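The sequence and the model come next.

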Amino acid sequence: MLEGLARFSFRHKWLMFLIWILILAGTVVLSITEGGKLSNNFSLPGTETQKTVDILEEKMPARAGDSGQIVFKTTGDIEAVRERMEAGFAAAEEASGEYLVGIVSPYSPQGAASQIARVGASAGKIAYAEMQFDRLAVQLPLELSDEIEEAVKEAAKPGDDLTIEFGGPPFQELAPTIGINEIIGIIAAVFILLISFGSVLAMGLPIFTALFSVGIGFMSLTLLARYMDVVTFAPLVSAMIGLGVGIDYALFIVTRYRQNLNQGMDVEAAVVKAMSTAGRAVVFAGITVIISLMGMFLMELSFINGLAVGAGISVLVTMLASITLLPALMSLVGRRIDSLSVHFKRKGKPAKPPEAGFWYRWSRYIQRHPIVAAVLCLAVLGALAAPAFSIRLGNQDAGNGPKELTSRRAYDLLTEAFGPGTNGPLLVAASFDSAESLPRLQQLAGDLAADPGVAAVSPVIPNDPENPTAAVIQVFSKFAPQDERTDDLVRHLREELIAPAAGDGLVIHAGGAAAIGVDLTDKLTERLPYFFGGVILLSFLLLMAAFRSVLVPLKAAIMNIIAIGSAFGVLVAVFQWGWWPAESIGVDRTGPIAAFSPMLLFAILFGLSMDYEVFLLSRIKEEHDNGKPNAEAVADGLAGTARVITAAAAIMVTVFFSFVLGDDPNAKLVGLGLAAAVLIDATLVRMVLVPATMELLGEANWYLPRWLDKILPNISIEGEDHPGALPPTAGDFDNGDSAAVAAGSGDRNYRTVEARPQAAFPRHPAYQSAAAPGSSGITPRSDRERSPSELDHLLRDLPFKAGIGDVRSNLEQVAEATYLHFRSGDGDGQVVDVSRVSGYLALEQRMGRISKTAHPDHAAQLLIGALAAHGLAPNGHDPQDDNYAKATVKIVLEGIGKD
């Protein structure tokens, strides 16, 4: 299918360009006219936080929304700025409109008791007004916070004597955006591609494809938000993944395309072959990434589902662009792909042999020292992963934001004057049927205030003083909302004080900013084993079907987990412990690792690491199926893919790390986690640990029980370059006598082919006796009762003759044995065309390179080399002998009606 799609895209490039332009334009228009709004609606069904919200929404809707603070500091006394600040509060009320429930001023009797600093150096100098909104911050208009800030500052006129900041969820920047740092990352990726390709045009193809597909994926998120909850940081995640995989996928395909051109292929053949090899690997890798992302549905949280689908759409669009838009671009560029070269090479300078390359020498070094390489690599990975055992998950607060944000400065002022717990109180909500429950709530408030971990407790606030049916109590911890001691306090108060106070018609739950991190962490941790297990199992099965091995996918899963664990070790060291380079990237305050990060990073990283696994192992398997022993296949596979994997990893690391340089703390964490994991995976794991362990395991790498081989589907990643692929079909030679039909048999890929008429080989009696009268084709067996390996042993015992004139006879013997081996049970078989022999025997993809464009001498050498590799070359003849090669290819081409 990919070959046909590639040909269509190549031959109808302008139509393909039009299709993608219409898709982009349509997505933009629909996102503007029909798109929904991103949100941070973190619904946590079944948790204490959600039950608290439910009570407030039902009985105290005015308290169900978020609150914000207008924090101010004076150089003198707050009474000196009273007139200015009250004018500012009035302006804030007017700017807030219908969304504001009310403002509690520090100058009011209600606010004076708790909203003015009374102790320390801040006494009488720092105060705040509490703004209560009727809905959550994510449900407020995006521009509302800016309008309030401007109105307050215009009315209060802050200056040298008065500083005004704004805190709380309504004033936090909810949606991290792509800025100059990310653009710098893309520019850096451009330079890496220039160095790798040495051509401006070659560099431009991956960049253009990635940016085009990312644009579509980005716009699709607002459309998705109309039907699902899509969190505000979903565009950031989508952009990260889209840019990373978009550039990588196009890089692998364009690299293979250039290699095909250098081998003398015409442009269309080079494009088709690139898509049938690297393109297949891209599709397989993309599907693996999407499966990993969709695994987040196992978390059973609506806001995570939207994130998973949004990221999956980004990968899907990128993958589709790589196999449709990119071939059209390559058709447009053609052989000019190496134009605008940036490499300065001396004319006439001979190319270096493969043995002179660094990666060739490196692969042989790993080959010679696999135990040392594996042990040292595991030691380094273990050291990197060690901090991950101390990981503490939680919810980061405004104190982790950059100091350039007003929410961070307000956080610091509140911490200075009232203690860190002021920034995230525990909200205790109670529902009851009778006012007789109020004394019990007041007793609870007293018990809460007496706890040593509590800094302050608000009075009991009923929903209706005359006929109360619900009430709230605010509890302020002595510690910051993200502090581990606050988590312990929340659990302690819930279990020891709040739960025992409930009963007899009094329902009490505790939520709020101090508790959401606890509940989110518990909820995610509860589901993580199902998520991890599901993703690993499905990926294992896919790899096992693709590589026909048990140990290869098992080893891949283990090593991916090791790489991800090492990345989490880096995150703990930087964000939780404050180790280098924390300050260098703007992390001036340590805290917990965001509770959602294990799920998100695992989904992304497990999928992305599979990309490199597929690209490396597909080449190793290709070399192994070519007849090379495991040791040589591993070394050559590494040498053949290391350069492009390194370049791809460098691009991903650059793009991901650019997000670390932004302001949003979550973007920093995700960006550093992805960059570290890709760097570790593409260097230590993929370039050292994988080849070392495969060398140590030897031929056991490719072990697959026969019973399992029968039930597993056959997934081909390598396409026509895979040794299981047939030689050119009759259609390739335009002789009109035969055509290929898809089928499968044995341990490798086989096809059903219509053979030439029996008259093509009339002198061989075996054909006459075995063929069914009037039949025109042979159907290989598909019940897997016989395997190519069994056939190989059979063929080695054939009585081959040594003379050049006996080549046809030798090939006919092979054809007869192949037919008898694969003939159907009812005897309805037919003659096997000699030109198809190597396909049935899986005599390497070398035979598949014989085409109407191949040089006859070269084609013959490839054929005889393939026969020799299987012990089928006539004794006494050198496969490299030109005369023998020419004679052989002449007979083969005559057999298919080609001059």
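The accessible surface of the protein is about 36800 Å² (Shrake-Rupley method, 1.4 Å probe), and carbon and sulfur atoms hold 59% of that surface. This is a predicted model in which local features need pLDDT of at least 70 and side-chain atom pairs count only at pLDDT 80 or more, while totals for chains, interfaces and linings use all residues. Residues are numbered from 1 along each chain as its sequence is written, and side-chain values use heavy atoms, with hydrogens and water left out.

Of the 899 residues in the protein, 56% are buried, where buried means under 20% relative accessible area, exposed over 50% and partly exposed in between, with a 1.4 Å probe and protein chains only. The protein has 29 helices and 13 strands; these are DSSP runs, helices being H or I of at least four residues and strands E of at least two, numbered from the N terminus. Among contacts (heavy atoms within 4.5 Å) with a separation of 6 or more, 79% are between residues 24 or more positions apart.

Turn now to the backbone. Most residues other than glycine have a negative phi, and most peptide bonds are trans. Glu300 has a positive phi, near 60 degrees, and lies in the loop between helix 10 (267-294) and helix 11 (302-333). Glu300 is exposed, at 52% relative accessible area. For Asp504, phi is also positive, near 55 degrees; this residue sits in the loop between helix 16 (484-501) and strand 10 (507-511). Asp504 counts as exposed because its relative accessibility is 76%.

Which peptide bond is cis? The bond from Trp580 to Pro581 is, with omega near 10 degrees. Pro581 belongs to the loop between helix 18 (551-576) and strand 11 (593-594).
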